[in-house]
Amino acid sequence: MISLKVVHLKVRNTMFNFILFGPPGSGKGTQSEKLVSKYVLKHLSTGDLLRTEIQKQSYLGLEAKKIMDKGELVPDEVVIGIISTALKANSESNGFLFDGFPRTEAQAIALDELLLQHQTAIDVVLALKVNEEELVKRLLHRGITSGRTDDLNEEVVRARITEYHKKTSVVADYYNQFGKVVYVKGEGSVDEIFNNLTHEIDKRKTKVM
Ligand code: AP5
């Protein structure tokens, strides 16, 4: 089997794929909307895909909701299955912006393997940095109006941040071994952060879009 290190170094990538990484409330969803519009990419947010399942009241959605409402992570095999289906359904796209995925090292390895099946790979991981009290403030503020049940109380919001430190922050270490992580300040105005992100993307984007 080809090693994942070789995948990162050698795949001849005709798409531009990146991960918008960061803790809950760091602005991944907000910035993703603007970035996919600018670069004409397919936005794949596992949080949004799970919430669609909840709205449909599918078995998967109802099971996921119980976990999401506690601020914990849905099992790897569930989200990897969702992403695998979405990649197949969008194989003609210019590239993918992954938001909220991968969230564990197992998910990162699975993503590399799935992208390899499509002869492509991750180009860069843009990691938003925001201090914890700002994250809590943003999420509780959104909870007043969003209807998101995982934004409603501070205990669940802090549990999501704890889950991020325990299981997700290691994903940056995984991509760091391939030199693919760039840290971007996630505080300031939405437009300032967007400009900093596009600056980093434009430096790396050598493909035609
Ligand atoms: P998910 O939907 O991914 O939520 P999250 O990571 O907790 O992220 P948020 O949507 O809360 O924050 P964000 O970084 O997107 O920030 P946003 O732009 O929205 O996941 C939810 C749950 O699903 C998880 O807890 C888990 O259970 C499950 N799940 C999802 N993916 C999974 C996976 N791969 N594996 C396992 N389980 C998974 O902004 C937040 C707020 O801040 C908004 O109100 C926004 O308006 C505001 N804001 C944004 N930018 C700024 C700014 N610059 N200044 C001030 N306010 C700002």
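Val181 is buried, with a relative accessible area of 13%; buried means under 20%, exposed over 50% and partly exposed in between, with a 1.4 Å probe and protein chains only. The model is predicted, so local features need pLDDT of at least 70 and side-chain atom pairs count only at pLDDT 80 or more, while totals for chains, interfaces and linings use all residues. Residues are numbered from 1 along each chain as its sequence is written, and side-chain values use heavy atoms, with hydrogens and water left out.

**Val181**

- Val181 lies in strand E5, residues 181-185; strands (E, at least two residues) and helices (H or I, at least four) are DSSP runs numbered from the N terminus.
- Apart from neighbours within four places in sequence, Val181 is in contact with Val125, Ala127, Ala172, Tyr175 and Asn176, where contact means heavy atoms within 4.5 Å.
- From Val181 to Thr198 the separation is 17 residues in sequence and 15 Å in space, C-alpha to C-alpha.

**Leu135**

- Leu135 belongs to helix H7, residues 132-143, and is buried, with a relative accessible area of 2%.
- Beyond its neighbours within four places in sequence, Leu135 is in contact with Pro23, Pro24, Gly25, Ser26, Val130 and Ile161.
- Leu135 and Arg103 stand 32 residues apart in sequence and 18 Å apart in space, C-alpha to C-alpha.

**Largest pocket**

- The largest pocket has a volume of about 970 Å³.
- Its lining has 46 residues, and those closest to the centre are Gly25, Lys28, Arg142, Arg148 and Arg160.
- Elements that give two or more residues to this lining are strands E1 (18-21) and E2 (42-45), and helices H2 (28-39), H3 (46-56), H7, H8 (154-168) and H10 (190-204).
- By class, the lining of the largest pocket holds 14 nonpolar, 18 polar and 14 charged residues; Ala, Val, Leu, Ile, Met, Phe, Trp, Tyr, Cys and Pro count as nonpolar, Asp, Glu, Lys and Arg as charged, and the others, Gly among them, as polar.
- A pocket is an open set of points on a 1 Å grid over the protein atoms alone, where a 1.4 Å probe fits, with protein on both sides within 12 Å along at least five of seven lines; lining residues have an atom within 4 Å of a point.
- Grid points are joined across faces, edges and corners, and a volume is the space filled by probe spheres set on the points.

**Second largest pocket**

- The second largest pocket holds about 200 Å³ of space.
- Among the 14 residues lining the second largest pocket, Pro23, Leu128, Lys129, Tyr164 and His165 are closest to its centre.
- Strand E4 (124-129), H7 and H8 each supply at least two residues of this lining.
- The lining of the second largest pocket comprises ten nonpolar, two polar and two charged residues.
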